[in-house]
Amino acid sequence: MASPRKSSKNSPPAPLPEPPTPATLLVSPGSFVAQLNEVDLVWWRYIWVPVVAGLLGGVAYTLLVRHAAAFAAANSGVAGPNFATSAVNTLGTTFLSVFIFVLMWGFGRVGAGFRGRAAEVYGASFALMPPLYLLVIVVTALTPAAAFLPDAARVSALGSDPRLLERAALAQTFQTSAGFALVVVTLLGTAAQFGLVYAAFRRLTERPIQAVMGTLLPLLPALAIQLIGVSPLLFAR
């Protein structure tokens, strides 16, 4: 007597691998690369990260400089800052963040080659910035408004020129913990991104020269643009 045939069932398909979260690059570049190698290259995968970083950086910058603009308006009789002014500052910083990402991607692609996956690595590296900008926002909110304004003796010496008044208030803003923190976070935070990127490129390309080139080519241009972004605070006198 023939034995009954065993019914064969199709095994369920293996789940598709998930791409790493941007935060994985901050915690473990090795794990980030291992997970990234399991998925196809998608250049826009992390484009939202520099956008969020730029928005938070814009909010931090706007909260700082609004005191200087309001101070200049109050002592010169010109119109004070409004919502449109804040929106321009915030969106301008967001644009700079996205522009820096595109610059990093382009130069990183030239230096690290196709295997470096520069768009994804540089995009994920911006995950370092939002927590730092949130810290600046908190410090700014906790700082008394009077700390951002120059003393009365200096105000009387400046007269009623709104540009001089605003510059004096910006110089005073830089002296506060919040103003100094924003400049340090913007410049040193950007520099720290390149350390994370190098660690990822080193594993992805398996060629130290390509990893170095992919990291160094966009370094100075990115820092120069960030320096321009904080120059109203840094060079105000």
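Q: Where is the place of Ala222?
A: Ala222 has its place in helix α11, where helices (H or I, at least four residues) are DSSP runs numbered from the N terminus. This is a predicted model, in which local features need pLDDT of at least 70, side-chain atom pairs count only at pLDDT 80 or more, and totals for chains, interfaces and linings use all residues. Residues are numbered from 1 along each chain as its sequence is written, and side-chain values use heavy atoms, with hydrogens and water left out.

Q: Does Ala222 count as buried or exposed, and why?
A: Ala222 counts as buried because its relative accessibility is 0%; buried means under 20% relative accessible area, exposed over 50%, and partly exposed in between, with a 1.4 Å probe and protein chains only.

Q: And what is Ala222 in contact with, leaving aside its neighbours within four places in sequence?
A: Apart from those neighbours, Ala222 is in contact with Ile100, Leu103, Met104, Thr190 and Phe194, where contact means heavy atoms within 4.5 Å.

Q: What separates the C-alpha atoms of Ala222 and Leu96?
A: They are 126 residues apart along the chain, and their C-alpha atoms are separated by 9.8 Å.

Q: Switching to the largest pocket, which residues lie nearest its centre?
A: Leu96 is one of them, along with Gly57, Thr93, Tyr133 and Gln226, and the lining has 20 residues. On a 1 Å grid over the protein atoms alone, a pocket is an open set of points where a 1.4 Å probe fits, with protein on both sides within 12 Å along at least five of seven lines, and lining residues have an atom within 4 Å of a point.

Q: Which element gives the most to that lining?
A: Helix α4 does, with six residues.

Q: How many residues of the lining are nonpolar, polar or charged?
A: The lining of the largest pocket has nine nonpolar residues, 11 polar and no charged. Here Ala, Val, Leu, Ile, Met, Phe, Trp, Tyr, Cys and Pro count as nonpolar, Asp, Glu, Lys and Arg as charged, and the others, Gly among them, as polar.

Q: OK, zooming out, how many helices and strands are in the protein chain?
A: The protein chain has 11 helices and zero strands, a strand being a DSSP run of E with at least two residues.

Q: What does the C-alpha trace span along its principal axes?
A: The C-alpha trace of the protein chain spans about 110 × 45 × 25 Å along those axes.

Q: And how many of the residues are buried?
A: Of the 237 residues of the protein chain, 43% count as buried.
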